[in-house]
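Here's a quick tour for anyone meeting this structure for the first time.

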Amino acid sequence: MLTHFIGGGPVAAGLGFPVHDPVTGTVVRHVHEADPEVVDRAVRAAREASRDWAAMPVGERAGWMRRLAEGIEERFDDLVAAEVADTGNPLDQTRTLDVPRGIANFRAFAEMAAQRPEDAFHLSGTFSYTVRRPLGVVAAIIPWNLPFLLMTWKLAPALVSGNTVVVKPSEHTPGSAAIFAEICAAAGLPPGVVNIIFGHGPAGQLLVEHPDVNAVTFTGSTRTGSAIMRTAAQRVKPISFELGGKNAGLVFEDCDLDRAVEGTVRSVFTNGGQVCLCTERVYVQRSIFEEFCARLAARAQEVEPQPMISAAHRDKVLSYYALARSEGAKVLTGGGVPVFGDHRDGGYFVEPTVVAGLSEWSRFNREEIFGPVCHVAPFDSEAEAIDLANSSEYGLAATVWTDGLDRAHRVAQRLEAGLVWINTWYVRDLRTPFGGAKLSGIGREGGTRSLDFYSEPTTITIKLEQPDA
Ligand SMILES: NC(=O)C1=CN([C@@H]2O[C@H](COP(=O)(O)OP(=O)(O)OC[C@H]3O[C@@H](n4cnc5c(N)ncnc54)[C@H](O)[C@@H]3O)[C@@H](O)[C@H]2O)C=CC1
Ligand SMILES: O=C(O)/C=C/C=C(\O)C(=O)O
């Protein structure tokens with residue numbers, strides 16, 4: 001049974017719960033569930049480690065980040081195997097995206113923190129400069145879709161900024177976090193700097209409400225973000241949220257159609273649509289609408305189905321397929337459950353699906369589905385396309401497909417989204433601000449934005465003696 005990692009060692013406490021393989025539906029491992037005592041123990045361990053870790057020069061902490069990156073490299077295959085077993089994500093994607101990003105996250109934030117200049121200002125006989133102090137103990141609540149990528153995306157900047165951390169991975173995906181605990185122990189990371197507790201939502205809630213937790217970083221659903229915000233509000237804890245999306249793709253008639261179709265296939269179906277950045281609403285200029293739809297539907301039929309994370313999530317996605325039909329949609333392809341005739345029939349698969357014909361105000365077009373599915377609709381003008389894209393309560397990401405340089409920039413700047421990709425999708429530079437507007441989140445992480453969130457500035461102003469004339 002997987003144990004918590006507290007104060008540098010394993011802690012076997014709390015009841016056990018099973019984790020299922022999404023590909024077959026069978027149990028892959030059992031895990032301890034954190035109870036109030038475990039949560040308290042983890043936060044106390046983090047607090048005890050906090051003073052020495054915060055006092056360490058940033059260059060030394062950056063050295064620890066590089067050692068953790070090396071530890072990930074050494075355990076690369078184990079991490080990939082654990083991640084694939086828990087998530088059902090494609091092996092190739094896990095080898096090229098999820099685990100390599102863990103390495104990149106630690107290396108990138110080590111460099112950015114070590115080289116970061118501080119603010120300094122000179123004003124009429126005074127000199128002001130800013131120093132940054134860590135927040136203390138940070139709670140990191142992680143989802144299941146890209147678990148290792150997202151855990152390390154939060155851990156690296158929090159740690160290098162001098163905070164100690166208690167991580168709660170998703171109940172569906174504890175495996176890679178448990179291996180990361182072994183990596184921390186093998187590297188000799190000071191006990192209590194990283195603590196990992198397992199469990200469901202209530203364990204996360206206990207962590208967020210713990211009086212000795214100073215800040216919360218969360219990626220996941222808007223609904224849970226809202227619950228965490230209510231809890232954190234009681235002690236006015238800083239929060240950083242990356243939440244859901246209902247992302248739009250805009251396909252203009254002056255696009256490279258091959259590139260737009262392939263890019264949309266990627267942006268809709270990657271990871272079974274279980275990435276917050278995936279496109280769920282595609283708007284296509286009317287002159288190319290029929291051709292685009294036919295080509296997208298044909299390509300969707302070639303996409304290898306991927307399991308959803310759980311039976312409950314599969315049922316949720318299927319309920320949206322049913323909803324689309326009941327709302328009067330035309331199903332261009334998919335809409336059901338694939339039959340393989342092998343062990344995968346016990347898993348949580350759904351068919352890659354494209355639908356059309358629904359109103360913008362249908363539930364299907366308003367709510368995040370988080371599956372391999374999109375709705376396609378025509379538009380007539382650039383202004384209408386922008387209005388349609390912005391008509392969502394979410395504002396995370398958008399894609400624009402056009403060969404018109406002026407149009408690309410004009411449209412991108414008018415979209416109410418934290419991230420806009422032009423003629424591409426999901427290209428990441430870790431130095432850029434990452435996050436969303438409206439229901440998609442609060443704040444931005446990435447580069448100096450992460451370092452800002454995980455630290456508190458103090459401005460120091462000194463009166464200068466005037467030099468002798
Ligand atoms: N990145 C994203 O945009 C994601 C969106 N989702 C969406 O959310 C839906 C529900 O999936 P869930 O796995 O339930 O996502 P969730 O957002 O509820 O879970 C994410 C994490 O939050 C924890 N958590 C749940 N309730 C909590 C609380 N009250 N306080 C503190 N931590 C809490 C969970 O244990 C997990 O570690 C999915 O169907 C999908 O639509 C899910 C995962 C990621
Ligand atoms: O940082 C990335 O590259 C990806 C982030 C993805 C999410 O935050 C998500 O799917 O929730």
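Let's start with ligand 2: it has 13 residues around it, and Thr219, Glu242, Val275, Cys276 and Arg428 come nearest. A residue counts as near a molecule or strand if its C-beta atom, placed from the backbone, lies within 6 Å of it. Keep in mind that this is a predicted model, where local features need pLDDT of at least 70, side-chain atom pairs count only at pLDDT 80 or more, and totals for chains, interfaces and linings use all residues. As for labels, residues are numbered from 1 along each chain as its sequence is written, while chains are lettered from A and ligands numbered from 1 in the order in which they are written.

**Around ligand 2**

- Helix 5 (residues 147–160) gives the largest share of this shell, with three residues. Helices (H or I, at least four residues) and strands (E, at least two) are DSSP runs, numbered from the N terminus.
- Sorted by class, the shell around ligand 2 holds nine nonpolar, two polar and two charged residues. Here Ala, Val, Leu, Ile, Met, Phe, Trp, Tyr, Cys and Pro count as nonpolar, Asp, Glu, Lys and Arg as charged, and the others, Gly among them, as polar.

**Around ligand 1**

- Ligand 1 is surrounded by 26 residues, and the closest are Gly201, Gly204, Gly220, Ser221 and Phe370.
- Helix 7 (201–209), helix 8 (222–233) and helix 11 (311–326) are the elements that give two or more residues to this shell. Helix 7 has the largest share, at four residues.
- By class, the shell around ligand 1 splits into 10 nonpolar, 12 polar and four charged residues.

**The chain as a whole**

- The chain has 15 helices and 22 strands. Its radius of gyration is 23 Å, close to the 23 Å that the globule rule gives for 469 residues, so the chain is as compact as a globular protein of that length. That radius is taken over C-alpha atoms, and the rule is 2.2 Å times the number of residues to the power 0.38.
- Along the principal axes, the C-alpha atoms fill a box of roughly 75 × 70 × 40 Å.
- Of the 469 residues, 52% count as buried. Buried means 20 or more other C-beta atoms within 10 Å of the residue's own, exposed means 12 or fewer, and partly exposed is in between, with C-beta atoms placed from the backbone.
- Take the contacts between residues at least 6 apart in sequence: 73% of them join residues at least 24 apart. Two residues are in contact if their C-beta atoms, placed from the backbone, lie within 7 Å.

- Strands pair if DSSP finds at least two bridges between them.
- Strand 12 (residues 247–251) and strand 18 (residues 397–401) pair in the parallel sense over four bridges. Ala248 stands opposite Ala398 in strand 18.

- Another open sheet has the order 5-6-22, with antiparallel pairing. Its edge strands are strand 5 (120–123) and strand 22 (455–463).
- Four bridges join strand 5 to strand 6 (residues 126–134). Ala120 has Tyr129 as its bridge partner in strand 6.

**Loop residues worth a look**

- Most residues other than glycine have a negative phi. Val236, though not a glycine, has a positive phi of about 50 degrees.
- Val236 is in the loop between helix 8 and strand 11 (239–242). It is exposed, because there are 7 other C-beta atoms within 10 Å.
- Tyr426 also isn't a glycine, and has a positive phi of about 50 degrees. It lies in the loop between strand 19 (419–422) and strand 20 (437–438).
- Is Tyr426 buried or partly exposed? Tyr426 counts as partly exposed, with 17 C-beta neighbours inside 10 Å.
- Gly336 lies in the loop between strand 14 (330–333) and strand 15 (353–356). With 12 C-beta neighbours inside 10 Å, Gly336 counts as exposed.
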